[in-house]
Amino acid sequence: RLIDEVFTNAEMLSMHARAARGELCRRRVTLAGQDGYRVADISAVPVPATVRAASSDTTDNGVLLVLRDVTELSRALQVRTDFAANASHELRTPIAALRGAVDTLLGPAASDDQMRTRLLSMLNENVIRLEDLIRDLLDLSKLEALDGTIRLTLVPAGELSRVLTENFEAMCERSGVSLRLELEPRLEQMRTDRNLITIVLRNLIENAIKFSDEHEEVLVRGLCEPGESEHVPDICVFEVIDHGEGIPLPMQQRIFERFYQVDQSRDGSKIARGTGLGLAIVKHAVRTLGGSIKVKSVWQRGTTMRVELPGALSPRESHADRTGEGPSAA
C-alpha cells in the first residue's frame, strides 16, 4: 500500500517524502483517531538503497517511520503549564490588592482614619486569601508527591469528630452557621490515611459553611453501608450536607476542575471567594484512598457531597457488625 493510503496527516507525509530524499526528520505530530487525538514523536529515517533487497532495482531511499505515542505525557505537560499559569494569576490578584492598599496607607490615607480602617480590612482579607491559596497549593503538591502511596492507621470516629469540630469552631461562630457531626459507632474501627481523610472532610465542610446562610446547619454524616456479600468489606460513607446556594446543574460536572469556581464574580459579594482548588484536592485525595465522590445539588436548596471509601473496614469486622456477633461469639 502507498503511504498516503495509510496516513492522511500532511506533516507525516511531508516527513516521509523528505526522508525518501535522504533527510533524517524528527517531529512531534498530533494525529486524529477514532477515540480522539493522539500525540506521537515521529522519526522518519532514510534507508539507503544499498541495504535494501537485492531484487529491488530502484535507487530511491526507503523510509523507516518510528512512532512513539506520547499522548499522556503531552497532556500532563499541558496540565502542568495551565496549572502554573492559573496559579500565577491567582497569586497576582491578592498581591496586587495588598500593594495598592499599602501604597494608599503610606500616601493619601495616612491621616484618614475611616479610609485606614477600610484598607486594613482589605489587607486582612487578602492575607487570608493568600494563606488559603498557599495551603491548598501545598496540599495539592503533597498529594501529587504521594503517587498513590498511603499510610493506613486506625482513625476512630470520635477523634475525627473532635478534630473537625475544633477546626471549624471559629469559622462557624463568624458565619452564624452550626456544624453537627453524626458518625456511626462502627467507624471507630475505620482504617484509612489520617491526613487524607482530614483533608477531604476539611475542604468539604469549609465549602458547606461558606455557602450556607446564617442560622443554617451543616450536617456531616458518617455511616457504613453493607458490601455486596459477607466477604466484601462495608463501604464507609461520609456525607456533607448543607442547605445553602446549591450548584447549577450545568456546572456540577466542572466543580472538581482546578481553579474552577461556581461563583466566578469578583464583586465582593457576601460569599468569600475561595481558591478554586478545594474540590480538586478532595477528588485527588479520594482517588488516592481508592474511593469515589459524588455530588447531589439543587440550585437554591442545598448540596450533598458524598464520599465512598470501600475497604476502610475489614470483611470480618463488617460481617460481625451486620450479624450482631462479635469475635467471642464465633
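These legends walk through a few close-up views of a predicted protein model.

The model is predicted, so local features need pLDDT of at least 70 and side-chain atom pairs count only at pLDDT 80 or more, while totals for chains, interfaces and linings use all residues. Residues are numbered from 1 along each chain as its sequence is written, and side-chain values use heavy atoms, with hydrogens and water left out.

**View 1. Confidence along the chain.** The protein chain has a mean pLDDT of 82 (pLDDT is the predictor's confidence in each residue, from 0 to 100), and 85% of its residues reach 70 or more. Helices (H or I, at least four residues) and strands (E, at least two) are DSSP runs, numbered from the N terminus.

**View 2. Helix H5 beside helix H6.** Here H5 (residues 157-175) packs with H6 (residues 194-210) at an angle of about 25°, their axes 11 Å apart. Axes are lines fitted to C-alpha atoms, for helices over the stretch in contact, and angles run from 0 to 180 degrees between N-to-C directions. That makes H5 roughly parallel to H6 (angles under 35 degrees count as roughly parallel, over 145 as roughly antiparallel, 65 to 115 as roughly perpendicular and the rest as oblique). Look for Leu164 and Phe168, among the H5 residues that meet H6, and for Leu201 and Ile205, among their H6 partners. The residues of this contact divide into 9 nonpolar, 2 polar and 5 charged. Ala, Val, Leu, Ile, Met, Phe, Trp, Tyr, Cys and Pro count as nonpolar, Asp, Glu, Lys and Arg as charged, and the others, Gly among them, as polar.

**View 3. Helix H6 against helix H7.** The axes of H6 and H7 (residues 278-288) come within 9 Å and cross at roughly 150°, which makes H6 roughly antiparallel to H7. Contact residues include Leu196, Val200 and Leu204 of H6, and Ile281, Val282 and Ala285 of H7. This contact has 9 nonpolar, 4 polar and no charged residues.

View 4. Glu72 and Arg75 form a salt bridge, with their closest N and O atoms 3.4 Å apart (a side-chain nitrogen of Lys or Arg within 4 Å of a carboxyl oxygen of Asp or Glu). Being 3 residues apart in H3 (residues 71-106), they are separated by about one helical turn. The whole structure holds 21 salt bridges.

Conventions: Contact means heavy atoms within 4.5 Å.
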